[in-house]
Amino acid sequence: MSAEPNNKPTNKKRSQTVIDREVQYGVVWKIAVHWLALFACNSIALVIWVGLFEQPDVSWKQTVGDSFRRFLPFFVITAALIPAFVLDTLKLTNRFAGPVSRLRTEINNAAEGRPVRRLKFRNNDYWREIADGFNALIDRAGLSTEQNDATNAAK
């Protein structure tokens, strides 16, 4: 068996959807606000379109009511998609929040003199090259627990 540690990315599924609440919820909040603004603008545009081009002789109050009844399925389906957008955003942000969280943990371990583990990010994670750079750094500094274990086993 080789004493060389396995540095290949893993395909394991995440057990947690939210790794860094501040970052991930911040991104979800921003996307939700933008989505709601888009929804409101589209709704207003639909009412204006109906009022100006389809029912120019009808009062705006009636146009709003007619538009709401006419486009109710659009409003319901659009609102029903919010949970899917939120979950998908959390999964996407997990691809960068997870690696940064693991990097932060190992940097804190090194700073406090605790054992430092090599980083192995998942195949679909962002910033996988950060793991390679961090691993080279801890190997060079002699901080890697795997490197220390291999050295001790050879003695």
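The turns below ask and answer questions about a predicted model of one protein.

User: How are residues numbered, and what pLDDT do local features need in this predicted model?

Analyst: Numbering starts from 1 along each chain as its sequence is written, and side-chain values use heavy atoms, with hydrogens and water left out. Totals for chains, interfaces and linings use all residues, side-chain atom pairs count only at pLDDT 80 or more, and local features need pLDDT of at least 70.

User: Which helix has the lowest confidence, and which the highest?

Analyst: The score used is pLDDT, the predictor's confidence in each residue, from 0 to 100. The protein averages 88, and 85% of the residues score at least 70. By helix, the lowest mean is 62, in α6 (residues 145-154), while the highest is 96, in α2.

User: How many helices and how many strands does the protein have?

Analyst: Helices (H or I, at least four residues) and strands (E, at least two) are DSSP runs, numbered from the N terminus. From that end the elements run α-α-α-α-α-α. The count is six helices and zero strands.

User: What share of the 155 residues in the protein is buried?

Analyst: Buried means under 20% relative accessible area, exposed over 50%, and partly exposed in between, with a 1.4 Å probe and protein chains only. By that rule, the buried share of the 155 residues is 25%.

User: At what angle do the axes of α1 and α4 cross?

Analyst: Axes are lines fitted to C-alpha atoms, for helices over the stretch in contact, and angles run from 0 to 180 degrees between N-to-C directions. The axis of α1 (residues 21-54) comes within 9 Å of that of α4. The crossing angle is roughly 140 degrees.

User: Is the crossing of α1 and α4 left-handed or right-handed?

Analyst: A crossing is left-handed if the near helix is turned anticlockwise from the far one by less than a right angle, and right-handed if clockwise. For α1 passing α4, the crossing is right-handed.

User: How do the residues of the contact of α1 with α4 divide into nonpolar, polar and charged?

Analyst: On the α1 side the residues include V23, Y25 and W35, and on the α4 side they include F85, L90 and N94. Ala, Val, Leu, Ile, Met, Phe, Trp, Tyr, Cys and Pro count as nonpolar, Asp, Glu, Lys and Arg as charged, and the others, Gly among them, as polar. The contact has twelve nonpolar, four polar and no charged residues.

User: How many salt bridges are there?

Analyst: A salt bridge is a side-chain nitrogen of Lys or Arg within 4 Å of a carboxyl oxygen of Asp or Glu. One of them joins R114 and E112, with the closest N and O atoms 2.3 Å apart. R114 is partly exposed at 41%, and E112 is exposed at 52%. The count is seven.

User: Is D66, which forms a salt bridge with R69, buried or exposed?

Analyst: The N to O distance in this pair is 2.6 Å. Both residues lie in helix α2 (residues 60-70), three residues apart, about one turn of the helix. R69 has 57% relative accessibility, so R69 counts as exposed. D66 has 18%, so D66 counts as buried.

User: Which residue forms a salt bridge with D125?

Analyst: D125 is buried, with a relative accessible area of 6%. The closest N and O atoms of the pair are 3.1 Å apart. The pair links distant parts of the chain, 23 residues apart: D125 sits in the loop between α4 (82-111) and α5 (128-141), and its partner in helix α4. The partner is R102.

User: What is the phi of W127?

Analyst: Most residues other than glycine have a negative phi. W127 lies in the loop between α4 and α5 and is partly exposed at 39%. Although W127 is not a glycine, its phi is positive, at about 65 degrees.

User: Which residues does T145 touch, not counting those up to four places away in sequence?

Analyst: T145 is in helix α6. Its relative accessible area is 17%, so T145 is buried. The residues touched are P115, V116 and R117.

Technical notes:
Contact means heavy atoms within 4.5 Å.
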